[in-house]
Amino acid sequence: MIDKRDVQSFFDRLAPGWDAELVRNEPVIAAILDNAGVQPGVRVLDVACGTGVLFPDYTARQAGHVTAIDLSPEMAARAAEKAAGTCIEVQESAPYDVVMVYNAFPHFPDPAGLIRRLSGLLRPGGRLSIAHGMSRAALDAHHSGSAHAVSMRLLPEEEVR
């Protein structure tokens, strides 16, 4: 079982160099945001936002309001710096048109519980988007390294549905 404190400590340690190590796949990110319905005016909850990786994308797509949360105080502090002067706030409120979990789902110890909780934060007709910029195989290989103690294998697609 993943311990929440271990996840927090792990990402607090990585926060200072996170953006320098970030690799973005723009077409994949665009497809993820399209599928989630991120468009002008929508309200988004970005769960496990990290340092605000998707903030420029939300701004470019003219999201109406974005609330971003992260378990790691160090990640959240960096995200808050990026959010200054935008429609993005780093805290929690509801309801949302889109709830986004990007590049973070394997780090939640109760994925089914997370899906239930986040689904309850959606407006009627809203979308919960759980996405990663890597394939399942690449993600499993990536998490077999230093992040293995704070990661779980992805749920089968049928269970997520």
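Me: Is lysine 82 buried, partly exposed or exposed?
Reply: The model is a predicted one. Lysine 82 has a relative accessibility of 34%. Buried requires under 20% and exposed over 50%, so at 34% lysine 82 counts as partly exposed.

Me: With which residue does lysine 82 meet in a salt bridge?
Reply: The contact joins two side chains, with an N to O distance of 2.7 Å. A salt bridge is counted within 4 Å. The partner of lysine 82 is aspartate 19.

Me: How many residues apart in sequence are the parts that aspartate 19 and lysine 82 tie together?
Reply: Aspartate 19 belongs to helix H2, residues 18-21. Lysine 82 belongs to helix H5, residues 73-83. The pair therefore ties together parts whose separation in sequence is 63 residues.

Me: Is aspartate 19 buried, partly exposed or exposed?
Reply: The relative accessibility of aspartate 19 is 36%. Since buried means under 20% and exposed over 50%, the value of 36% makes aspartate 19 partly exposed.

Me: Which residue forms a salt bridge with aspartate 34?
Reply: The closest N and O atoms of this pair are 2.8 Å apart. Aspartate 34 itself is partly exposed, at a relative accessible area of 48%. Its salt-bridge partner is arginine 61.

Me: Where does arginine 61 lie, given that aspartate 34 is in helix H3?
Reply: Helix H3 covers residues 26-36, and the pair ties together parts that are 27 residues apart in sequence. Arginine 61 lies in the loop between helix H4 (55-60) and strand S2 (65-69).

Me: What separates glutamate 74 and arginine 78 in helix H5?
Reply: These residues form a salt bridge, their closest N and O atoms being 3.1 Å apart. Glutamate 74 is partly exposed at 35% relative accessibility, and arginine 78 is partly exposed at 23%. Because they are 4 residues apart in helix H5, their separation is about one helical turn.

Me: How many aromatic pairs does a search of the whole structure find, and which residues form one aromatic cluster?
Reply: The search finds 2 aromatic pairs. In one of them, phenylalanine 10 and phenylalanine 11 have ring centres 5.0 Å apart and planes at 85°, an edge-to-face arrangement. Phenylalanine 11 also pairs with tryptophan 18, with 5.8 Å between centres and 65° between planes, so this pair is edge-to-face as well. The cluster consists of Phe10, Phe11 and Trp18.

Me: Is tryptophan 18 buried, partly exposed or exposed?
Reply: Phenylalanine 10 is buried at 11% relative accessibility, and phenylalanine 11 is buried at 13%. Tryptophan 18 has a relative accessible area of 27%. Because buried means under 20%, tryptophan 18 at 27% is instead partly exposed.

Me: Which strands stand at the edges of the open sheet?
Reply: The sheet has 5 strands in the order S3-S2-S1-S4-S5, with parallel pairing. An edge strand here has a single partner strand, so one side of it is left without a neighbour in the sheet. The edge strands are S3 (88-89) and S5 (122-131).

How values were computed:
Residues are numbered from 1 along each chain as its sequence is written. This is a predicted model: local features need pLDDT of at least 70, side-chain atom pairs count only at pLDDT 80 or more; totals for chains, interfaces and linings use all residues. Side-chain values use heavy atoms; hydrogens and water are left out. Rings of Phe, Tyr and Trp (its six-membered ring) pair if their centres lie within 6.5 Å; planes under 30 degrees apart count as stacked, over 60 as edge-to-face and the rest as tilted. Buried means under 20% relative accessible area, exposed over 50%, partly exposed in between (1.4 Å probe, protein chains only). Helices (H or I, at least four residues) and strands (E, at least two) are DSSP runs, numbered from the N terminus. Two strands pair if DSSP finds at least two bridges between them.
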